Amino acid sequence: GDSGVVSQLQAGEARDWGPALFVEMGGNIYFAGNDGVHDWELWRSDGTVGGTYMVKDLREEECSPDGQGGMNCVNEGSMEVRCWPGYATNCFYPEIVAGNNKIFFTGFDSDPRTNFAHVFVSDGTEQGTYRIRDQWIGWNYNHPDADFDYSGPSNLMVLPSSGFNPDRVVYTVIQAICIGDYCNSGFDPASGEELWITDGTDDGTYILVNLVPEDKSWNNGDYCCQDDKGGIPRDLVLRGSDIWFTAQTEDYGRELYRYSLSGLGGGLFLVKDLKTGVEGSNPLYLTSASGGLFLSADDGSVGQELHYSQGDAFSTRLVKDIWPGANNSSSPSMLTKLGQNLIFTADDGQHGRELWISDNTESGTFMVKDINTNGSSDPSWFTVMDDTLYFMAYTEEHGTELWRSDGTTAGTYMVRDINPGNNSSFVWTPDFFHQELLLVHNGELYFIADDGGEFGAELWRTDGTDLGTEIVVDINPGNNSSWPNRFISVGEKLYFTAWSQERGRQLMFYWDNPGPVVSSTESS
């Protein structure tokens, strides 16, 4: 048929969470799944029941005496979400990215010396799935004397193989290798949270940027990562052979940096100290467009506003003070490339948060349309298809519905009022658990919507027209909802998760099934 369950692998308490973190490599889907036995591990699927299986149980069953002659056994997962109440304020959320031949992901293993998450690599086989390097040995990073709040390696950005370079991944991590028992002899080597790179081998794993030098005189001669938390790189973006990111130091606060992988002209550059002094400009949402890179930043004179850079101090500048005044901020967000321009949301202090566009000049930066004339329309979930932006926006007349924009006032309008009246067909916010809720597949936009009566929250699609906007499949029949999410397009099929009372949340597929191929031969 056109749709169905790929495999009902989610079991036990995980049945209502569903598979997560989908990526594609070689025509197969790789993701985190929980079969109720092995907890959260790396799985793969070719879209068939027989071709859906766990790649490897990285964190195998661990048993200990129960004091009564028996054993207590537990099989925890490697790709679990973990929080440390009373210590770190940030929870660890696993990440996964795919190159051309390798998967990189973060998670835990069974090493008894640490409860620290690591970076793993996989070629899709059990033998080819392993931890790259133990970058934290013998230390509890939630030590009460520690001057940082850290939850594990993160910010994975894949560099797909090209030429003589294999698949690689750039990431951030704190490294601390303990010397001696209980770290009484110190740590070597050690660094705060800095930028690293790996090709999946130990020799090919090294630090790219050590922005803040180590202070090794901490804790009565012991030392570990006490370099004022490290540079803590964030917002990684690849442009050509340059990695752009934000990082913080005692001298400049958090500012914009770039690192050249080619080695030409040096490696690390502070692009510009946008807010002179130690406070930092709080750069956010780095996005390539208009021949350079846009970002939201506060230079100390106009609040948090839209900036633009081509990689040096001379070209890095304010684009426009959208909400005028040093104490006001338009706080640009949802920065997205549309053609050669940037489309984003901002609040000018008069119209609320609405849709804006920029060609990196002041005159070419303006509000596209005041969608909700009585307040903010809060555009969100930006997705580009055929040089048109699709997004969710709110109006008092129609609630939150699907809209489209080509960057002009006339070309910005609601696609269809799916839940008629001032009711909303869309109510979800971006987070780790929802992930993709809008996705382009085979030239059409697929999304989740609730018509408010006949179908509940189900899978819809549109070609950008009112008549071409329709429900795809009523997975949970009637006005019950299946709440589909985590979409990924592989070949002719759209994969996603959906929920029902009977099976919980499972991996599903949809495709425009062409039906059986009928052939005939003529003979004489």
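User: How many disulfides does the structure hold?

Analyst: This predicted model holds one disulfide. Local features are taken at pLDDT of at least 70 and side-chain atom pairs at pLDDT 80 or more, whereas totals for chains, interfaces and linings use all residues. Residues are numbered from 1 along each chain as its sequence is written, and side-chain values use heavy atoms, without hydrogens and water.

User: Why is the link of Cys-83 and Cys-91 called a disulfide?

Analyst: The term applies to a pair of cysteine sulfur atoms within 2.5 Å. The sulfur atoms of Cys-83 and Cys-91 are 1.8 Å apart, so the pair meets the definition. The link is right-handed, with 105 degrees about the S-S bond.

User: What makes Cys-83 and Cys-91 partly exposed?

Analyst: Buried means under 20% relative accessible area, exposed over 50%, and partly exposed in between (1.4 Å probe, protein chains only). Cys-83 has 38% and Cys-91 has 22%; therefore each is partly exposed.

User: Why is Trp-483 called partly exposed, and where is its place?

Analyst: Its relative accessible area is 36%, which lies between the limits for buried and exposed, so the name applies. The place of Trp-483 is in the loop between strand E36 (469–473) and strand E37 (485–490); strands are DSSP runs of at least two residues (helices, H or I, need at least four), numbered from the N terminus.

User: Which residues are in contact with Trp-483, its neighbours within four places in sequence left aside?

Analyst: They are Trp-428, Ile-448, Ala-457, Thr-497, Trp-499 and Arg-505, where contact means heavy atoms within 4.5 Å. The C-alpha atoms of Trp-483 and Glu-458 are separated by 5.8 Å, although these residues are 25 apart along the chain.

User: What makes a set of residues a nonpolar core?

Analyst: Such a core joins buried Ala, Val, Leu, Ile, Met, Phe, Trp, Tyr and Cys residues through side-chain atoms within 4.5 Å. The largest nonpolar core here has 17 residues; Met-392, Leu-402, Phe-426, Leu-437, Leu-438, Leu-445 and Phe-447 touch the most other members. Two or more residues come from each of strand E29 (380–385), strand E30 (388–395), strand E34 (444–450) and strand E35 (457–462). E34 gives the most, with four residues. Apart from this core lies another, of 16 residues, including Ala-14, Val-23, Tyr-30 and Leu-58.

User: Which residues outside its sequence neighbourhood of four places are in contact with Leu-445?

Analyst: Among them are Thr-383, Tyr-390, Leu-402, Leu-438 and Trp-460.
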